[in-house]
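Me: I would like a close look at one part of this model, the aromatic rings and what surrounds them. Please take it slowly and give the cut-offs as you go.

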Amino acid sequence: MILGKCPYCDGSVIARKFETQGKKIKLYTCENAHKQYDESEAFVFTAESTCTFRVYSNAFLKWNKRSFSQYEMKKLLQDGQTTIRLHGRKGTGEYFKYVIPDKEYGVSILWEEDVPKEGEEELIS
Ligand SMILES: [Zn+2]
């Protein structure tokens with residue numbers, strides 16, 4: 001399934017489902033970014049790869065967001081950013097932040113910027 005155009009090259013970003021340690025997760029990857037295990041068991045980009053855009057759906061697990069959805073990735077590719085809902089530790093509230101593509105990490109959160117209330121309504125639909 002094609003989600004949109006890669007922010008770094010002319011490739012398409014596709015979604016792939018797979019299972020790891022009994023958990024189903026998704027990988028959103030540019031069609032030009034491939035990784036594989038090399039002889040020393042390191043997970044590296046293949047020689048044919050011309051791009052590095054790859055994002056796992058559990059990229060924001062650290063901030064208690066279980067899954068970065070296909071819808072959110074589509075919006076990120078379309079608008080250059082998207083809004084995500086994060087949660088504090090148990091008992092603390094949820095909050096919203098912008099996410100942008102990141103060359104090194106795939107995606108990164110704009111911590112300094114606050115999301116206006118209108119952004120929250122978009123997420124619900
Ligand atoms: Zn690409």
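Are Tyr28 and Phe68 buried or exposed?

Reply: Tyr28 and Phe68 are both buried, where buried means under 20% relative accessible area, exposed means over 50%, and partly exposed lies in between, with a 1.4 Å probe and protein chains only. The model is a predicted one, in which local features need pLDDT of at least 70 and side-chain atom pairs count only at pLDDT 80 or more, while totals for chains, interfaces and linings use all residues. Residues are numbered from 1 along each chain as its sequence is written, and side-chain values use heavy atoms, with hydrogens and water left out.

Of the 125 residues, 37% count as buried.

The structure holds 7 aromatic pairs, a pair being two rings of Phe, Tyr or Trp (its six-membered ring) with centres within 6.5 Å, counted as stacked if the planes are under 30 degrees apart, edge-to-face if over 60, and tilted for the rest. The rings of Tyr28 and Phe68 are edge-to-face, because their centres are 6.2 Å apart and their planes stand at 75°. This pair links distant parts of the chain, with Tyr28 in strand β3 (residues 23–30) and Phe68 in the loop between β6 (54–56) and α1, 40 residues apart. The rings of Phe60 and Trp63, by contrast, have centres 6.4 Å apart and planes at 50°, so that pair is tilted. Phe60 is buried at 2% relative accessibility, whereas Trp63, at 24%, is partly exposed. Ring pairs join Tyr28, Phe60, Trp63, Phe68 and Trp111 into a cluster.

The loop between β6 and α1 also holds Asn64, which has a positive phi of about 60° although it is not a glycine, and which is partly exposed at 40% relative accessibility. For comparison, most residues other than glycine have a negative phi.

From Phe68 one can go on to Leu76, which has Phe68 among its contacts. Leu76 lies in helix α1 and is buried, with a relative accessible area of 1%. Leaving aside neighbours within four places in sequence, Leu76 is in contact (heavy atoms within 4.5 Å) with residues including Phe53, Val99, Ile100, Pro101 and Val107. Other buried residues of helix α1 (residues 70–79) include Gln70, Glu72, Met73, Lys75 and Leu77, and the helix is followed by Gly80, whose phi is positive, near 85°.

How values were computed:
Helices (H or I, at least four residues) and strands (E, at least two) are DSSP runs, numbered from the N terminus.
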